[in-house]
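The report below goes from the core to one helix and then to single residues.

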Amino acid sequence: MKRQSDWRIDDPRVRVRHRAAKQGLGRAYLNGTGVSQDYAEALALFKQAVEKKSARGENELGMMYERGQGVTSNPIEATKLFRLAADQGNVTAMSNLASSYFNGRGVPVDYQRSYFWYNIAAARLNGAQQAPV
């Protein structure tokens, strides 16, 4: 019997079921950390994480669509994914969504919505210490 330390994350016998594990493994494949970089595998894992309502997975998949990594660049799809993750409280996604509104990527330029999402993200990062604007 193999010890757990003998398993490799790219071993096809390893089944990843937990959404955070899918997101983390997807990130490993996206960046080539501990495995060969593989955008297709990262994409598949992020999509599985999204199916399980992983906010981090939604944000990561959104970034792949925004950057065109393993997919055709699609800022509209990226912004939809950022919004799903932002609605779940993911601060990075809030900032990405604010940037989409500020720069008009996937949505029309909307400085008020950009300001709103940047402020929500800042408040989450700073907790109750964020002063009202």
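Of the 29 residues in the largest nonpolar core, which touch the most other members? They are Leu61 and Trp117, where a nonpolar core is a set of buried Ala, Val, Leu, Ile, Met, Phe, Trp, Tyr and Cys residues joined through side-chain atoms within 4.5 Å. At least two residues of this core come from each of helix H1 (19-31), helix H2 (39-51), helix H3 (55-67), helix H4 (75-87), helix H5 (91-103) and helix H6 (111-126). In soluble globular proteins, nonpolar side chains tend to be buried together.

This is a predicted model, in which local features need pLDDT of at least 70 and side-chain atom pairs count only at pLDDT 80 or more, while totals for chains, interfaces and linings use all residues. Residues are numbered from 1 along each chain as its sequence is written, and side-chain values use heavy atoms, with hydrogens and water left out.

The protein chain has six helices and zero strands, taken as DSSP runs numbered from the N terminus (helices H or I, at least four residues; strands E, at least two). Of its 133 residues, 36% are buried, and buried means under 20% relative accessible area, exposed over 50% and partly exposed in between (1.4 Å probe, protein chains only).

Helix H3 is largely enclosed by the rest of the structure, because 10 of its 13 residues are buried. Among these buried residues are Glu58, Asn59 and Glu60 as well as Leu61, and the cover over the buried residues of H3 includes H1, H2, H4 and H5. Leaving aside neighbours within four places in sequence, leucine 61 is in contact (heavy atoms within 4.5 Å) with Leu43, Phe46, Lys47, Val50 and Leu81. Just after H3, glycine 68 takes a positive phi of about 70°.

| Residue | Relative accessible area | Class |
|---|---|---|
| Phenylalanine 116 | 44% | partly exposed |
| Tryptophan 117 | 9% | buried |
| Serine 99 | 16% | buried |

Phenylalanine 116 and tryptophan 117 form an edge-to-face aromatic pair, with 5.2 Å centre to centre and 85° between the planes. Rings of Phe, Tyr and Trp (its six-membered ring) pair if their centres lie within 6.5 Å, and planes under 30 degrees apart count as stacked, over 60 as edge-to-face and the rest as tilted. Serine 99 lies in helix H5 and, leaving aside neighbours within four places in sequence, is in contact with Arg105 and Tyr118.
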